[in-house]
There are 2 protein chains.
Amino acid sequence: MDIEQLAVNLRNFEGVIRKKSIADIVNMFEDVRSEYGETIVDFGDDAAVLDTGGDEVILFAADAIWGKIAMESQWWTGYTSVVVNVNDISAMGGRPVAMVNVMSSCDTEACKEMMRGIKDGVKKFGVPMVGGHIHPDTPYNSLGVAIIGVAKKDCLIRSDMAKPGDSIIVAYDMDGRVGKNSPYSWDTTSFKDAQTVRDRFLVMQTIAEKKLAIAGKDISNPGTIGTLGMLCETSKVGASVDLDMIPIPDELELEQWLKIYPATGYVISTKPENCDECIRIFEEVGITAAVVGSINDSGLVDIYSGEQKAVVFDLNSDTITGIELSAEDVE
Amino acid sequence: MDIEQLAVNLRNFEGVIRKKSIADIVNMFEDVRSEYGETIVDFGDDAAVLDTGGDEVILFAADAIWGKIAMESQWWTGYTSVVVNVNDISAMGGRPVAMVNVMSSCDTEACKEMMRGIKDGVKKFGVPMVGGHIHPDTPYNSLGVAIIGVAKKDCLIRSDMAKPGDSIIVAYDMDGRVGKNSPYSWDTTSFKDAQTVRDRFLVMQTIAEKKLAIAGKDISNPGTIGTLGMLCETSKVGASVDLDMIPIPDELELEQWLKIYPATGYVISTKPENCDECIRIFEEVGITAAVVGSINDSGLVDIYSGEQKAVVFDLNSDTITGIELSAEDVE
């Protein structure tokens, strides 16, 4: 393994690079962000967190599917829009409550196919679509979905709380298939029954309610190391990852797996003494989990295998999203 | 006035006709809608209503801006996306809490202009943008925004509760300007200070908390009579409107005014004995309001002026949205 080359490839992976455009734009809101006292977390986590005064906080996120996938596979566009949104809530230890969508499509058939995909996602995950806005005659297909969830105020899993000394656990549903639309998607849900899927995506709620995670994040387009990098960036820490400890499905190579959006995949930081319990909880629902490294205060995210070591992100000088979290503590 | 022709023009107005495409698609969800016990209202009202067990319900809506406006005026696209979303919550008597957006743009400049518009809207209405998803390199501009709000459980203003015998009140901010992008938009906010705007759009909360409205709705793209028609459709009632009682800004003709999206405009049904108090509350914040007719059980929405009368919608045979509300009572 040429670990230096792997580090370069992971750093320059499209799923990581595309996050950079966010910062400029989010930072335009800088001077209006502090006004809003109900906002505990905004940009930069999987979902925003709003405290409206009840026992539970509201989680709120949006994601969108467009471009090639939306033009070529409308069913998958609809279905996967549910998957990614549900993950934004579940990754924070929340319970998804409802979704709304904004759909744009070339023709009625494309529109109906996206809706069929959404409906299959709704049935699978048990989260209703409660409203939306449809534009049935645009020259392109696109689908934006927003989701709300709720979580107990003191049981949130945020991405900006990792501390030096935490152990890093990655967790994946290994029973999946590389998606037909991209070598970097991994379908773990469309072919499984609803109960199995729901048990697996709700596992983060169990971990949250037992307060086992210090920080955590849904592994998404930037892949495993890119997502860990984002978690380190918002937590202002570094991390060191032993590549030999990462569980990999039999049929895949390490580099592809590290770039994949694993659909049901999480990275969490936890106290070393809680690792065994976290892993047991993941494994109980059929998710494979392993301790793969630890958080440190270096500002570097590095990977190693035996004696070889390389830095993927130097957060002292690089940015991934470049977002300054305006988060308050909720403890 | 040729009232028959006016009725035809209002019935065939693009803002009304475009609502018809919703029904087919929403009705695809029919067999999965009853599963979700937290959903009190879904498609068909200004916002969905979710009861997650606290004292307050969560309101959740999405709206989008695209096409000609998004290509020609990106600032307005951003700004107006805030206006329409805030209205969806305020029309139901709710307090807007936060928004997320999904933005698609041709280039960085278009993206920044939309963001500037959003930011000005955020400042004006005091509702934060807390997350989003940006696609900075599509061949088109579009902007979808979702919003959440909260309302006391027993103080919601829904659109499906109107009863025969209710009086109909329309309320408008008359201090506005026809928008430069469409003869059917009416800008009542961009040139006013934030406090005035906030007082006006929050008036529906006062009406909701005093339980003065039986039903109500934000007047949107279908215009005054089209919006009343949608309210009658979901309430399964009819209505009769005296055109001579409708307040009209000096510089406008009746037909154009009835087709306009008045930005700050509401139609409510109320008990006849509560009309005076409703009008007083609207007028206190500078909104002009008047009793313009009454709800009946005919299934017809008609307009009259002196001796002339014409039917705009026959809901016994026509549909506007065609959505069957799966709403439960919240009383």
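Q: Over residues 44-150 of chain A, how far apart are the end C-alpha atoms?
A: Residues 44-150 of chain A are 38% helix and 36% strand, where helices (H or I, at least four residues) and strands (E, at least two) are DSSP runs, numbered from the N terminus. This is a predicted model, in which local features need pLDDT of at least 70, side-chain atom pairs count only at pLDDT 80 or more, and totals for chains, interfaces and linings use all residues; side-chain values use heavy atoms, with hydrogens and water left out. Residues are numbered from 1 along each chain as its sequence is written, while chains are lettered from A and ligands numbered from 1 in the order in which they are written. For residues 44-150 of chain A, the distance between the end C-alpha atoms is 18 Å.

Q: Which UniProt annotation covers residues 44-150 of chain A?
A: UniProt positions are given in the numbering used here, feature names are shortened, and annotations may be inferred rather than shown by experiment. The entry is unreviewed, and its annotation for residues 44-150 of chain A reads "domain: PurM-like N-terminal".

Q: What is the order of the strands in the open sheet of chain A?
A: Two strands count as paired if DSSP finds at least two bridges between them. The sheet has 6 strands with mixed pairing. Its order is S1-S2-S3-S6-S4-S5.

Q: Which strands of chain A are the edge strands of this sheet?
A: An edge strand pairs on one side only. In chain A these are strand S1 (39-41) and strand S5 (129-135).

Q: Which residue of S5(A) does Val102(A) stand opposite?
A: Strand S4 (residues 95-104) of chain A runs parallel to S5(A), and 6 bridges join them. In S5(A), the residue opposite Val102(A) is His133(A).

Q: What angle does helix H7 of chain A make with S4(A)?
A: Helix H6 (residues 74-90) of chain A packs on the sheet, touching strand S3 (56-65), S4 and strand S6 (142-152), and its direction makes about 150° with that of S3(A). Contact here means heavy atoms within 4.5 Å. Helix H7 (residues 108-125) of chain A also packs on the sheet. H7 touches S4, S5 and S6 of chain A, and its direction makes with that of S4(A) an angle of about 175°.

Q: How many residues of each class are in the contact of H6(A) with H7(A)?
A: The axes of H6(A) and H7(A) come within 6 Å and cross at roughly 35°. Residues of H6(A) in the contact include Trp75(A) and Tyr79(A), and those of H7(A) include Met114(A) and Phe125(A). Ala, Val, Leu, Ile, Met, Phe, Trp, Tyr, Cys and Pro count as nonpolar, Asp, Glu, Lys and Arg as charged, and the others, Gly among them, as polar. The contact has 10 nonpolar, 6 polar and 4 charged residues.

Q: Why is one side of S1 and of S5 of chain B left without a neighbour in the sheet?
A: Chain B has an open sheet of 6 strands in the order S1-S2-S3-S6-S4-S5, with mixed pairing. Strand S1 (39-41) and strand S5 (129-135) of chain B stand at the edges, so one side of each lacks a neighbour, as each has a single partner strand.

Q: Which residue in S2(B) is the bridge partner of Val41(B)?
A: S1(B) and strand S2 (residues 48-50) of chain B run antiparallel and are joined by 2 bridges. The partner of Val41(B) in S2(B) is Val49(B).

Q: Which residue in the hairpin of S14(B) and S15(B) takes a positive phi?
A: Strand S14 (residues 300-305) and strand S15 (residues 308-314) of chain B pair in the antiparallel sense over 6 bridges. Tyr304(B) stands opposite Lys309(B) in S15(B). The hairpin has 2 residues between the strands, and the residue with a positive phi near 60° is Gly306(B).

Methods:
Axes are lines fitted to C-alpha atoms, for helices over the stretch in contact, and angles run from 0 to 180 degrees between N-to-C directions.
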